[in-house]
Amino acid sequence: MNNKVVCLIPAYNEEKRIGSVIEVVKKCTLVDEIYVIDDGSEDKTAEVAKEKGAHTLKLYQNMGKSYAIFYGVENTQSDIVLMLDADLINLKVEDVQNLILPVLEDKADMTIGIFSEGRFSTDLAQKISPFLSGQRAIKRWVFDKILESRKDIKDLGYAIEIILTEYAKKLNLRVLTVELPHVSHIMKEEKLGFFKGAQHRMKMYREIIKGYVNLKKSRDEA
Ligand SMILES: O=c1ccn([C@@H]2O[C@H](COP(=O)(O)OP(=O)(O)O)[C@@H](O)[C@H]2O)c(=O)[nH]1
Ligand SMILES: O=C(O)[C@@H](COP(=O)(O)O)O[C@H]1O[C@H](CO)[C@@H](O)[C@H](O)[C@H]1O
């Protein structure tokens with residue numbers, strides 16, 4: 001098990017939340033390096049990340065989640081990429097281990113973390129749409145394949161997860177679902193207030209739908 005694991009945390013204005021996620025990941029001995037991709041934050045996300053001991057990659061304007069993740073992929077080296085959101089709550093070291101181990105032991109090519117026994121609203125969202133989860137460990141070659149075949153991948157924002165899920169099918173990946181008991185995230189409405197949060201949620205849904213439609217279209221044309 002000599003495979004190197006890098007943890008990528010895309011973060012947009014997460015100064016209040018990112019510190020506790022880094023603290024947990026730091027304790028996981030399976031993770032070799034932690035990179036926070038500061039996606040044009042206007043707050044002190046990058047400073048907090050550095051203070052907590054993570055490497056930071058800075059984008060000078062907000063480019064969207066897919067850009068942040070793929071920028072992280074392109075600027076790091078490892079065999080396995082662990083993706084975690086910056087706004088997780090109740091994350092434990094064993095959750096991080098459980099996401100990584102099946103990929104490290106070559107029992108899976110991708111793991112997808114699903115919230116359970118946590119907050120009703122976030123558990124329910126992941127029950128309805130587990131394919132949207134941002135908590136994943138993935139072999140790096142999967143990202144390389146996507147980068148090769150989809151030149152627009154970095155422009156697809158929140159569609160990154162649905163694209164990863166579609167590529168998992170397309171590439172016949174071995175995918176394992178991993179429960180993340182008691183883990184949750186801070187919802188957009190909680191971060192931004194009801195109206196701004198709801199606006200951001202609509203933007204997210206638009207990006208997901210657009211990414212999915214693009215994917216289907218390019219598949220039909222192939
Ligand atoms: O333009 C963006 C939007 C989101 N994120 C990050 O992507 C992760 C998931 O986004 P968000 O929290 O909005 O989604 P949710 O967890 O609410 O579904 C978080 O770490 C965000 O900081 C990002 O890097 N750039
Ligand atoms: O669970 C969901 O419906 C969304 C939205 O979460 P919020 O409750 O709006 O913060 O979050 C997921 O989907 C995003 C898009 O695929 C991912 O980027 C997030 O990581 C994931 O938590």
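UniProt annotations may be inferred rather than shown by experiment. The model discussed here is predicted.

Q: Where does UniProt place the feature "domain: Glycosyltransferase 2-like"?
A: The UniProt record, an unreviewed entry, puts this feature at residues 8–129. Over residues 8–129 the chain is 39% helix and 24% strand. The end C-alpha atoms of that stretch are 22 Å apart.

Q: What pLDDT does the protein average, and what ipTM does the predictor give the complex?
A: The average pLDDT is 95, and 98% of the residues score at least 70. For the complex, the predictor gives an ipTM of 0.94 and a pTM of 0.96. Where pLDDT is low, the predicted coordinates should not be read in detail.

Q: Why is Ala159 called buried?
A: The cut-off is 20 or more other C-beta atoms within 10 Å. Ala159 has 26, so Ala159 is buried. Ala159 sits in the loop between helix H6 (140–149) and H7.

Q: Which residues does Ala159 touch, not counting residues up to four places away in sequence?
A: They are Ser66, Glu207, Ile208, Lys210, Gly211 and Tyr212. Gly118 is 41 residues from Ala159 in sequence and 25 Å away in space, C-alpha to C-alpha.

Q: What makes Ile146 count as buried?
A: Burial takes 20 or more other C-beta atoms within 10 Å. Ile146 has 20 C-beta neighbours inside 10 Å, so Ile146 counts as buried. Ile146 lies in helix H6. Leaving aside neighbours within four places in sequence, Ile146 is in contact with Ile153, Ile163 and Tyr167. Ile163 and Tyr167 are themselves among the buried residues of helix H7 (residues 160–170).

Q: Which other residues of helix H7 are buried?
A: Ile160, Glu161, Leu164 and Thr165 are buried too.

Q: Why is Asn172 called exposed?
A: A residue is exposed at 12 or fewer C-beta neighbours. Asn172 has 8 inside 10 Å, so Asn172 counts as exposed. Asn172 follows H7, in the loop between H7 and strand S8 (175–181).

Q: What makes Glu117 count as exposed?
A: The exposed class covers 12 or fewer neighbours. Glu117 has 12 C-beta neighbours inside 10 Å, so Glu117 counts as exposed. Glu117 is in the loop between strand S6 (110–116) and H5. Phi of Glu117 is positive, about 50 degrees, although Glu117 is not a glycine.

Q: How do you know that H3 is mostly covered?
A: Of its 10 residues, 9 are buried. These are Lys65, Ser66, Tyr67, Ala68, Ile69, Phe70, Tyr71, Gly72 and Val73. They pack against S1, strand S2 (33–39), strand S3 (55–59), strand S4 (80–83), H6 and H7.

Q: How many residues has the largest nonpolar core, and which have the most contacts inside it?
A: The core has 61 residues, and Cys7, Ile9, Leu82 and Ile100 have the most contacts inside it. Membership requires a buried nonpolar residue joined to others through C-beta atoms within 7 Å. Beyond its neighbours within four places in sequence, Cys7 is in contact with Val25, Val31, Ile34, Tyr35, Leu82 and Leu84. In soluble globular proteins, nonpolar side chains tend to be buried together.

Q: How many residues surround ligand 1, and which are the closest?
A: There are 16, and the closest are Pro10, Tyr12, Asp39, Asp85 and Ala86. Strand S1 (5–11) and helix H3 (65–74) are the elements that give two or more residues to this shell. By class, the shell around ligand 1 has 6 nonpolar, 4 polar and 6 charged residues.

Q: What surrounds ligand 2?
A: Ligand 2 is surrounded by 16 residues, the closest being Ala125, Leu132, Gly134, Glu161 and Met187. Helix H5 (120–128) and helix H9 (194–221) each give two or more residues to the shell. H9 gives the most, with 3 residues. The shell around ligand 2 divides into 6 nonpolar, 5 polar and 5 charged residues.

Terms used:
Residues numbered from 1 in each chain as written. Chains lettered and ligands numbered in written order. Predicted model: local features only at pLDDT ≥ 70, side-chain atom pairs only at ≥ 80, totals over all residues. Near = placed C-beta within 6 Å. Helix = DSSP H or I, 4+ residues; strand = E, 2+ residues; numbered from the N terminus. Nonpolar A, V, L, I, M, F, W, Y, C, P; charged D, E, K, R; others polar. pLDDT = per-residue confidence, 0-100. Contact = placed C-beta atoms within 7 Å.
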